[in-house]
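Subject: Structure for your review

Dear colleague,

Please find the sequence and the structure below. The notes that follow set out what was found, together with the criteria used.

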Amino acid sequence: MQKDVAKAVGINRSTYISYENPAHKNYPLNILEKLANLYDVDITALLDDYNKFLYDGQAVQIKNTRKSLGLTQYHFGELYGVSTRTVRGWEKDRIQISKKVWKRIYKQERAAL
């Protein structure tokens with residue numbers, strides 16, 4: 001039952017219900033670890049592509065993507081409609097990339113390959 005799972009991981013039922021909604025954007029790592037332990041699965045089994053991207057470390061992945069395209073932070077930002085400051089923040093893990101922008105970068109990129 002949802003209430004039992006919520007209690008087991010230390011959150012309220014309405015929060016857990018929101019986590020089951022596919023439109024939910026990201027999840028606290030400490031809660032995901034508790035859920036993975038409860039269900040006896042690897043934490044990555046609970047993550048969609050966006051949250052797996054965050055879990056695997058956005059900074060290195062974004063920097064590698066930008067460099068593979070041969071772009072400066074400025075030009076990468078221009079290409080995807082964000083400021084140089086934002087790109088720098090992503091690459092230093094100071095700013096979390098939004099799901100909307102992540103889709104623009106990584107879903108388009110995969111579709112083009």
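In these notes, an angle between axes under 35 degrees counts as roughly parallel, over 145 as roughly antiparallel, 65 to 115 as roughly perpendicular, and the rest as oblique. The axes are lines fitted to C-alpha atoms, for helices over the stretch in contact, and the angles run from 0 to 180 degrees between N-to-C directions. Helices are DSSP runs (H or I, at least four residues), numbered from the N terminus.

The model is a predicted one: local features need pLDDT of at least 70, side-chain atom pairs count only at pLDDT 80 or more, and totals for chains, interfaces and linings use all residues. Residues are numbered from 1 along each chain as its sequence is written, and side-chain values use heavy atoms, with hydrogens and water left out.

Two packed helices are described by the angle between their axes and the distance between the axes. For H6 and H7, the angle is about 110° and the axes are 8 Å apart. H6 and H7 are therefore roughly perpendicular to each other. Contact here means heavy atoms within 4.5 Å. On the H6 side, Gln 73, Tyr 74, Phe 76 and Gly 77 take part, and they meet Thr 84, Val 87, Arg 88, Trp 90 and Glu 91 of H7. By class, four residues of this contact between H6 and H7 are nonpolar, three are polar and two are charged. In this scheme Ala, Val, Leu, Ile, Met, Phe, Trp, Tyr, Cys and Pro count as nonpolar, Asp, Glu, Lys and Arg as charged, and the others, Gly among them, as polar.

Helix H5 (residues 58–68) also packs with helix H7 (residues 84–91), at an angle of about 125° and with the axes 7 Å apart. H5 and H7 are therefore oblique to each other. H5 contributes Gln 58, Ala 59, Ile 62, Lys 63 and Arg 66 to the contact, and H7 contributes Val 87, Trp 90 and Glu 91. The contact of H5 with H7 has four nonpolar, one polar and three charged residues.

Gln 58 belongs to helix H5. With a relative accessible area of 3%, Gln 58 is buried; the cut-offs are under 20% for buried, over 50% for exposed and in between for partly exposed (1.4 Å probe, protein chains only). Leaving aside neighbours within four places in sequence, Gln 58 is in contact with Phe 53, Trp 90, Asp 93, Ile 95, Gln 96 and Ile 97. A polar atom of the Gln 58 side chain lies 2.9 Å from the backbone nitrogen of Ile 97.

Lys 99 is part of helix H8 and counts as buried at 16% relative accessibility. The side chains of Lys 99 and Asp 48 make a polar contact (3.0 Å). A polar contact is a pair of N or O atoms within 3.5 Å; within protein, one must be able to donate a hydrogen and the other to accept it, and residues adjacent in sequence count only if both atoms are side-chain atoms.

In helix H3 (residues 29–39), the buried residues include Ile 31, Leu 32, Leu 35 and Ala 36. Seen down the axis of H3, the buried residues fall within an arc of 135°, so they line one face of the helix. The arc is that of the directions from the helix axis to the C-beta atoms. Helix H1 (2–9) and helix H2 (13–20) are among the elements that cover the buried residues of H3. Glu 33, also found in H3, counts as partly exposed at 41% relative accessibility.

In H6, Gln 73, Phe 76, Gly 77 and Tyr 80 are buried. They cover an arc of only 100° around the axis, which puts them on the same side of H6. Glu 78 and Leu 79 are exposed on the other side of H6.

Backbone and loops

Most residues other than glycine have a negative phi. Asp 40 is not a glycine, yet its phi is positive, about 55°. Asp 40 lies in the loop between H3 and helix H4 (49–55) and counts as exposed at 72% relative accessibility. Asp 93, likewise not a glycine, has a positive phi of about 60°, and its place is in the loop between H7 and helix H8 (99–112).

Yours sincerely

Technical notes: Helices (H or I, at least four residues) and strands (E, at least two) are DSSP runs, numbered from the N terminus.
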